[in-house]
Amino acid sequence: MKRQKRLRRLGWDAVAILVFVVMVFPVFWMISTAFKPNDQIVSVNPTWFSLHPTIAHFTAAIHKPFFWDDVKNSLIIVLTTVAISIVVAFLAAIALARYRFSGRVLFIVLVIGIQMLPQAGLIIPLYVVLARYHQVNVLSGVVITYLTFVLPFCVWTLRGFLLGIPKDLEEAAMVDGSTRLGVFLKILLPLMAPGLVATSVFAFITTWNEYIFARVLLNDQARQTLTVWLSYFYGTSRHTDWGALMAASTLTAIPVVIFFLLVQRKVVFGLTAGAVRG
Amino acid sequence: MKRRSIVALLLAVVTAAAVVATTSGATKKATANTLTVWLQTDAQSGWPDVVAAANQQFQSDHPGWTVNVQYQTWGDHLQKLDTVLAAGGGSGSPDVVEMGNTETTKYMAAGAFANLSSSKGSFANSANWLSGLAKSGTYGGKLYAVPYYAGSRVVTYRTDLFSKAGITALPNSLAQYTVDARKLAAKNNKKGFSPVYIAGTDWYFAMGFVFDYGGGIATQVSGKWKGLLSSPRSIAGLNAFKNFFNAASRASKTTDETHPNPYDVYAQGLAASMIGPSWFSCCVGKQYTGVTKQFVMPGHVKGTAMPGFLGGSDLAVPVTSSNTTLAADWIKDFTSTSSEKALQAKGNIPNATNLLGNSVNERAAARSWFVPTAKHWVDVENGNILRNMLAQILTGKLTVKEAAQSASDNIASVLNQP
Amino acid sequence: MGTSRRRRRLWERAGRGSVPYLLIAPVILVIGVILGYPLYWLAKLSTEQYGLFELIRHKGEYIGLANYRSVLHDQVFWHTLLRTVVFTAVNVGLTMVLGMLMALLLVRVSTGVRLVLSSGLVLVWSMPVVVAVQIWYWMTNPENGVLNYALTELHLGNFYAHDWYATTFSQLFMVTMLIVWGALPFVVITLYAGLAQVPRDLMEAAEVDGAAPWRVFRDITLPILRPIILILTSLSIIWDFGVFTQPYLLIGQSKITAGNFLMSIYLFEEGYFKSDYGRGAAISLLMLLIVGVLSIVYVRRMVRIGVET
């Protein structure tokens, strides 16, 4: 029985590796291009793996002006946004999932409605509003803008996760005499951990890769984010240095992967699925 | 009580941390005397020293003032300009903006720029500005944008392949070039090899033929735009283009000049020559850099040049700026003769005819054409009217006459919109 | 002991009234402060003639519902709408089905492989869109794309120099592949997190009873996952309906015509590129309405789930 289970698991492992290869191929292409010398990038026959890898593109990318400043700005903006939005959205999601109050449906409509707005139309008026409050060309203006778009999503998603947790668990614990806060800390939070992780990863990536609002709101290159920094690689009227762009993109992807590896360890992907007692 | 206070405490801590982290940048407020300049990233990578010199000149002429140059990218600098105009200015909004010469008319017509006519005399060489650039900075007889620099189109070619094909002298007429192209094709029958790589819908190149034969794209007759592509001369030009393309280029007939980039095709060894901006020579690949040179594209009349599209940039002062005079001063410093000469040394075409040198790029600019300075020209470009016309002509979907007539009518109706 | 519990319950009932409002207050505050004026601006502009000229002078000319009428009478609008609805359905369908399959796969593999696959998904997710489009173009271009090479080598037909961007269907097919590929990581990871909430012993008990895996999935897993699936579907509909960057960059500005518009590109071209902000605002609000209608089924179910429990 055990051996059959192990064989089956190996079979699934093989399938998963195949899926991995197919999905990751474009990323592999980006990374391998970052190491290719220029003539191999545009050659007629595509080279899968350069035999003469070069790190020239990476050095060129790091030495492009304001790289480290923009890394710092991106980290500040994104971490602040993620921290605030997870906390604030979680609280709002609890209200939606566990309480009945008038105006509830209106709030839900608001939350989902905001996400349906085409963002392109909001750029100009948003800039006008923020300019009035002197929030242009400062990181806080960008954080507030990102919060506006990320919060509804986080509320919506966390509510979904909350609804998946049966209410009787909490009620049983309360009957046993624990306080509301105790329920929160000992039962709700651990069960919500996977959902919180998934939502925070989404919030991280969305804000990390956001471009147009950062572009419009931040003028000084020392204040810009990494995505804006990246746009200088392909924003000239001359030729685009593909090697440098691929190297730069690889660099911007690294913090995301690090963030994911840090949070996933705590919760789901390290453990076997579903450690909940029924 | 405990729960509520913990919630409040959490929020307070997180908010406080965020406020501290994000607004620390705001305290470094710009000093009251800062001139904000928006230049494109080409300047940052290409000639930062020219910018620095202009800033230095400005700052010494106006003590107490600093220049803050913020580099923009071509993709969204107009979107940023729109937001600044909508907000009516405000701190940090630009006093000088760089505009592409095909982008200015729409903004001039809307009144986005300050009138610089009174300062015209103070700009160096203003009497001799290149007409293609000067036209793009003037609207209703008033000056709104100052020419900055230009670029034309040249032929970049492989000296080794040309000599191997027995071409001893560079072609000085379209007919001669066509003959040479056939020689090159005979000697290089690799699959996909183009004697002259030209993308099918490269209208920047194709329209040169139209102007070479005396035709045009559109002209204003008593305030109303009239399409000129259907005129006999324009059609002669389009026919000449079709013949040249068929003899010389194996590129796709329906894709544009960036899919793929001509210099990539050249670097792969699949082109003996290509037509494009002079900076194309940067990216021909290590192995061909030594055998790459440039010459001026010949017209159909022996000894003349084919009119080349004059691309370039102008500098304007948005109406939202509160430092118009100082902005004009900065532009004066940045387009001074010494500044223009420095730009010229970096391979650009300076903004005045009396400064022109003898480089291939500048010789090509002697005969140039420009798009109609109409408020709605950008709509014509965006609607791909010219590109579609070329694709129809080259694929044979329509005859030259039919395609030209349809495009001509189309352009007129777009330009005549209110 | 008795009095304190009574006191606590009394106080809870009193506090309960204001607690939910306190909890949602920050969200409402942020959204109200930042989006209040923009929403008003959009609504107001949609009833005005407002171009670049008016933008500079901060004053538009009131024209009532003329913008809406012009859009609704535009044939291109209706064709684009139909095309976008079909496009959205295909994208969302593919994303949810493939996403579910991959999430189930993640459950069944060993821990090391799970980490590898999920990290790979995060890598995919973290690629900047502009770069992803460029890579996709390199992989699929007619001259030397690996896609043509691979398909021909696998003897699936002769794809030498096949131009994947020649017809509208082919162009949108390529865009769909790119979008689904980019959307899968989020869906898979979220579904997997949802699967993690399914009580393991319930599933094991059912398996011991001899239930087939798909029965277990249908009767135990699916009901628990329902809220999350509904959320992901509604979000996917919203995002795929309004997607802009991928189609605009992949098809390329020179190949975009009224014949292959998607709604967001129509909005961009008819509104913002022409600097006709009034019309752009009208189209934005129409899009909002349409997306609302398209996702209403899922949204209503989501709202009701909360009420039932």
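How many residues of chain C are in contact with chain A?

## The interface of chains C and A

In this predicted model, 94 residues of chain C are in contact (heavy atoms within 4.5 Å) with 101 residues of chain A. The two chains bury about 8,800 Å² between them, 79% of it on carbon and sulfur atoms; buried area is the accessible area (1.4 Å probe) that two parts lose on being put together, summed over both. C:Ile34, C:Trp138 and C:Gln197 supply 7% of the area that chain C buries against chain A, more than any other three residues.

Helix α1 (residues 2–45) of chain C gives the largest share of the side that touches chain A, with 20 residues. Helices (H or I, at least four residues) and strands (E, at least two) are DSSP runs, numbered from the N terminus.

## A sheet in chain B

Five strands of chain B form an open sheet with mixed pairing, in the order β2-β1-β3-β13-β6. Strands pair if DSSP finds at least two bridges between them. β2 (66–72) and β6 (145–151) of chain B stand at the edges with a single partner strand each, so one side of each is left without a neighbour in the sheet.

Strands β1 (residues 34–40) and β3 (residues 96–100) of chain B run parallel and are joined by two bridges. In this pair, B:Val37 stands opposite B:Val96.

## Basis of the model

Residues are numbered from 1 along each chain as its sequence is written, and chains are lettered from A in the order in which they are written. Local features need pLDDT of at least 70, side-chain atom pairs count only at pLDDT 80 or more, and totals for chains, interfaces and linings use all residues, while side-chain values use heavy atoms, with hydrogens and water left out.
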